[in-house]
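Please go through them with the structure open.

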Amino acid sequence: MKKIDIAVIGAGPAGLSAAGYAARAGYGVTCFDQLAPGGQLLLIDEIENYPGYGLAKGFQLAEQMENQATGFGVDIEYAKVLSIRKEENVFILDTEEGQMEAKSVIAATGATHRHLGAKGEEEFQGRGVSYCATCDGPFFKGKDIVVVGGGDTALTDALYLAKLANTVTIVHRRNEFRGQKVLSDRVRAASNIRLALSRQVVEIASDDGSKVSRAVLDDGSSIACDAVFIFVGITPNSGIFEGFCELDKNGFIVTDGRMETSVPGFFAAGDVRNTSFRQVVTAAGDGAMAAHMADEYLSSLSK
């Protein structure tokens, strides 16, 4: 059985940041990922709000993060972690490539945006279809935007987008919003927000095949737009941690500000934890903090 100091599960911005910081501190680190390092960065065409980078391609930023981490000595293993358990002060990870023993573990498995399943949604992701207002909203200043959803996130982000856009049309499948009344009242009072209630987006279409042009609704009508922002919830990738550590009612790993979980030596960073703001920069910050606290934990074991 391979033995290491710190195992990081997930190689998105949080995981690569955590792994890099831990390796730079002198620990032996293995970072697990099923596919390619980068996480949701690989789904972002361009990002302009990561400090110091200006306008950058998502995959390029992911590549730079990976190269930096491996340069510090991080070993990236392309294998799915199937389960985790703790025996005394040792964590046992069952992976597709066998078992691994670690003294500390950082979970950075992220979360998955729920999709509508509408025609064209996958095709135009990153080319007008977005799941993050603060990430992509500034690209559509003065444009016409469709927001799909009726919860707090949809309403809050619609209000944010309305400050940037020419018009925002909220499409919601029910005739009333699920979000807080105060948010609903603000949305209804906004001069450039329109409502399309009791309807659903069934297709996201393009006139030229390169970018979003309109959202087609289930009643046969369509809304001309430059972007469709979808806010119908996110699902944390926390299945393997059920029964191992404390999760909140929505399945996110419960942590404190030090990234500590209910299990000593086990930390969580990024979108998989119960945080109120999910961005590339906050995920990277979480990862740095998790690595720092893992260092403190391991140091305490040797005393």
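**Notes on the predicted model**

1. The side chains of Asp-207 and Arg-214 meet in a salt bridge, with 2.6 Å from N to O; the term stands for a side-chain nitrogen of Lys or Arg within 4 Å of a carboxyl oxygen of Asp or Glu. Asp-207 is exposed at a relative accessible area of 63%, whereas Arg-214 is partly exposed at 28%; buried means under 20%, exposed over 50% and partly exposed in between, with a 1.4 Å probe and protein chains only.

2. The model is predicted, so local features need pLDDT of at least 70 and side-chain atom pairs count only at pLDDT 80 or more, while totals for chains, interfaces and linings use all residues. Residues are numbered from 1 along each chain as its sequence is written, and side-chain values use heavy atoms, with hydrogens and water left out.

3. The structure holds 11 salt bridges. One of them joins Asp-5 to Lys-103, with the closest N and O atoms 3.4 Å apart, and this pair links distant parts of the chain, since Asp-5 is in strand β1 (residues 2-9) and Lys-103 in strand β8 (residues 98-107), 98 residues apart. Asp-5 counts as buried at 18% relative accessibility, whereas Lys-103 is partly exposed at 43%. Strands here are DSSP runs of E with at least two residues, helices are runs of H or I with at least four, and both are numbered from the N terminus.

4. Leu-298, in helix α6 (residues 280-301), touches both Asp-5 and Lys-103, along with Ile-6, Tyr-27 and Ser-104, not counting residues up to four places away in sequence; contact means heavy atoms within 4.5 Å. At 8% relative accessibility, Leu-298 counts as buried.

5. Arg-258 forms a salt bridge with Glu-296, the closest N and O atoms being 3.7 Å apart. Because Arg-258 lies in the loop between β18 (234-236) and β19 (266-268) and Glu-296 in helix α6, the pair ties together parts that are 38 residues apart in sequence.

6. Which side chain of opposite charge is nearest to Asp-157? It is Lys-163, 10 Å away, and Asp-157 is buried yet has no salt bridge; Lys and Arg count as positive, Asp and Glu as negative, with His and the chain ends not counted. Asp-157 is found in helix α4 (residues 152-162) and touches Ala-133 and Phe-231, leaving aside residues up to four places away in sequence.
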